[in-house]
Amino acid sequence: MPFAKTADQAEIYYQVRGFGEPLVLLSGQANTHHWWDNVHADFEGDHQTFVLDYLGTGESDKPEDAEYNVRRFAGDVISVLDELGIARAHVYGTSMGGKVAQWVAIDHPDRLGALVLGCTSVGGTRGLHPDAAVTRSLAQPSVEAARQALIDLMYTPGWVRTHPGPYVVLGGRMPNHARRGHLRASNGHDSWAELNRVTAPTLVLHGTDDIFSPARNAAILAERIPGAEVHYLDGARHAYFEEKQAEASGVVLRFLAAHPLR
């Protein structure tokens, strides 16, 4: 299996597919690279794509004593690029992956081509958070009820009726300490003070009916990042990249083609 060593010697699992300009695809909280399984192929014809398992997930190390935070995860992305000898790459992150991608852009601007942020937030006091009812729905004692609540946040009922699963965006098996670490990492994200320094061409995508990460977060991001563009996917919820796959992947591919690596 291919692994990259991080600064603290943890091993991060990654996969490489396709040909063309490098593109890193970053998954949501507590998810492995399988988050991208249903849309990964859309990018392989134009890009050499990289997916990875964050620290604590999938095949990557799961240390109990590590600091789990999105800025650290951004550094781990750079470790993967270093392992492969990739000087610069485009980065497309969704949900928590969009938070990680923001820190790649802030901390490692020389390693980044274009930046694509999906269904994500600036975090902190400036970002919009799900309301209490959403949080309660995911904390139910019934595992199946919580799972159904998450499916409802990800997809519209009409789409679920015609796509019975399995769903790859519902999280993977991971030890409790790592799951708690991912929750702290995502909740602790706050990039507002730094985002105005982002120099990468940036595209922000969001489903208009997303209440997991309220849709207004897209405008907040775009207002803070110089020159950022916004594209809304009408009627989509959090997993817009699957439910509106043709539209979403097409918009991203056109944006990356308009901003080639130099």
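A residue counts as buried when its relative accessible area is under 20%, as exposed when that area is over 50%, and as partly exposed in between (1.4 Å probe, protein chains only). By that rule the buried residues of helix H9 are Asn217, Ala218, Ala219, Ile220, Leu221, Ala222 and Arg224. This is a predicted model, in which local features need pLDDT of at least 70, side-chain atom pairs count only at pLDDT 80 or more, and totals for chains, interfaces and linings use all residues. Residues are numbered from 1 along each chain as its sequence is written, and side-chain values use heavy atoms, with hydrogens and water left out.

- Helices (H or I, at least four residues) and strands (E, at least two) are DSSP runs, numbered from the N terminus.
- Seven of the nine residues of H9 are buried, so this helix is largely enclosed by the rest of the structure.
- The cover over the buried residues of H9 includes H3, strand S6 (112-118), helix H8 (192-195), strand S7 (202-207) and S8, where contact means heavy atoms within 4.5 Å.
- Ile225 lies in the loop between helix H9 (216-224) and strand S8 (229-233).
- Ile225 is buried, with a relative accessible area of 2%.
- Leaving out residues up to four places away in sequence, Ile225 touches Leu117, Leu195, Val198 and Thr202.

**Helices H2 and H3**

- The axes of helix H2 (residues 70-84) and helix H3 (residues 96-107) come within 8 Å and cross at roughly 70 degrees.
- That makes H2 roughly perpendicular to H3, a term for angles of 65 to 115 degrees; under 35 is roughly parallel, over 145 roughly antiparallel, and the rest oblique.
- Axes are lines fitted to C-alpha atoms, for helices over the stretch in contact, and angles run from 0 to 180 degrees between N-to-C directions.
- On the H2 side the contact is made by Val70, Arg71, Phe73, Ala74, Val77 and Ile78, and on the H3 side by Met96, Lys99, Val100, Trp103, Val104 and Asp107.

**Aromatic rings**

- Rings of Phe, Tyr and Trp (its six-membered ring) pair if their centres lie within 6.5 Å; planes under 30 degrees apart count as stacked, over 60 as edge-to-face and the rest as tilted.
- The count by this rule is nine aromatic pairs.
- Phe43 and Tyr92 have ring centres 6.0 Å apart and planes at 75 degrees, so the pair is edge-to-face.
- This pair links distant parts of the chain, with Phe43 in helix H1 (residues 41-44) and Tyr92 in strand S5 (residues 89-94), 49 residues apart.
- Both Phe43 and Tyr92 are buried.
- One aromatic cluster is formed by Trp35, Trp36, Phe43, Tyr92, Tyr240 and Phe241.
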